[in-house]
Amino acid sequence: MVRRAAGTVVAEGWSVRPKGARVSEHKLAPGDKAPDFTLPDADGKPVSLSSLRGQQVIVYFYPAAMTPGCTTEACDFRDSLSSLAAAGVTVLGISPDKPDKLGKFRDRDALTFPLLSDPDTKTLQDYGAYGEKTLYGKKIVGVIRSTFLISAEGTIAKAYYNVKATGHVARILKDLGI
């Protein structure tokens, strides 16, 4: 565990909220404009959502690279990537991990889509994917596993909050008719 400012304890993408800390309850819904972002990928190269206008994009947020649930979810996206690409859908994964850890995750699991780094959690917060949640019976503040289908026009087509890592990609494929 690492101790950060204001007494927050952080470990693998989650933290215990200090007493009195504020958490956004902001959630996106279909029809909302997708917040734009520019984040570094696993190689440190910037990737912007706005550069993908004109195509559907799945943006999924996960707590920590190389953990069991996040690995399952990432590998499910990897294994479904050809079907998604054939349907014109691009996949981006975002976590608070630094680019070097994302590179190790990508290489270890042969992930073939961009993994983006959001260590200050601004983009996570903009999407309502960072906030209070319950983990092992305790209230904590951290990444809320969430996925968004963004239309070619840049609006939220579907928003999935508090998803389970296992079976989540199959649900998205079904919802997309793939």
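Modeller: A definition comes first: rings of Phe, Tyr and Trp (its six-membered ring) pair if their centres lie within 6.5 Å. The model discussed here is predicted.

Colleague: How many aromatic pairs does a search of the whole structure find?

Modeller: The rule on ring centres is the one just given, within 6.5 Å. Applied to the whole structure, the search gives a count of ten.

Colleague: Are the rings of Phe148 and Tyr161 stacked or edge-to-face?

Modeller: A pair of aromatic rings is described by the distance of the centres and the angle of the planes. For Phe148 and Tyr161 the centres are 5.3 Å apart and the planes stand at 80°. Planes over 60 degrees apart have their own class. The angle of 80° therefore makes the pair of Phe148 and Tyr161 edge-to-face.

Colleague: How many residues apart in sequence are the parts that this pair ties together?

Modeller: Phe148 lies in strand β11 (residues 146-150). Tyr161 sits in the loop between β12 (156-160) and α4 (168-176). The pair therefore ties together parts whose separation in sequence, in residues, is 13.

Colleague: Is Phe148 buried or exposed?

Modeller: Buried means under 20% relative accessible area. Phe148 has a relative accessible area of 0%, so this residue is buried.

Colleague: Which residues form one aromatic cluster with Phe148 and Tyr161?

Modeller: Phe148 and Tyr161 belong to one aromatic cluster.

Colleague: Where do the buried residues of helix α2 fall: on one face or around the helix?

Modeller: Helix α2 spans residues 99-109, and Leu102, Gly103, Phe105 and Asp109 are buried in it. Seen down the axis of α2, these residues fall within an arc of 165°, so what they line is one face.

Colleague: Which exposed residues does the face of α2 turned away from its buried side carry?

Modeller: The buried side of α2 is covered by parts that include α1 (68-86), β7 (89-95) and β8 (115-117). Turned away from that side is a face with the exposed residues Asp100, Lys104 and Asp107.

Colleague: Which residues does Arg106 touch, not counting residues up to four places away in sequence?

Modeller: Arg106 is found in helix α2. With a relative accessible area of 22%, Arg106 is partly exposed. Arg106 and Ala42 are 64 residues apart in sequence, yet 7.7 Å apart in space, C-alpha to C-alpha. Beyond the residues up to four places away, Arg106 touches Ala42, Asp43, Leu111 and Leu115.

Colleague: Which residue in the turn of the hairpin of β9 and β10 has a positive phi?

Modeller: Strands β9 (residues 130-135) and β10 (residues 138-143) run antiparallel and are joined by six bridges. Gly131 stands opposite Gly142 in β10. The hairpin has two residues between the strands, and the one in the turn with a positive phi of about 55° is Tyr136.

Colleague: How many disulfides does the count come to?

Modeller: A disulfide is a covalent bond between the sulfur atoms of two cysteines. Cys70 counts as buried at 1% relative accessibility, and Cys75 counts as buried at 13%. The rule asks for a pair of cysteine sulfur atoms within 2.5 Å. By this rule the number of disulfides is zero.

Colleague: Which stretch has a pLDDT below 50?

Modeller: The mean pLDDT of the protein is 88, and 86% of its residues reach 70 or more. One stretch has a pLDDT below 50, although the model shows 43 contacts for it beyond near neighbours in sequence: residues 1-23.

Note on methods. Residues numbered from 1 in each chain as written. Predicted model: local features only at pLDDT ≥ 70, side-chain atom pairs only at ≥ 80, totals over all residues. Heavy atoms only, no water. Buried < 20%, exposed > 50% of the residue type's maximum accessible area, 1.4 Å probe, protein only. Pairing = 2+ DSSP bridges. Helix = DSSP H or I, 4+ residues; strand = E, 2+ residues; numbered from the N terminus. pLDDT = per-residue confidence, 0-100. Contact = heavy atoms within 4.5 Å. Arc of directions from axis to C-beta. Phe/Tyr/Trp six-rings, centres within 6.5 Å; stacked < 30°, edge-to-face > 60°.
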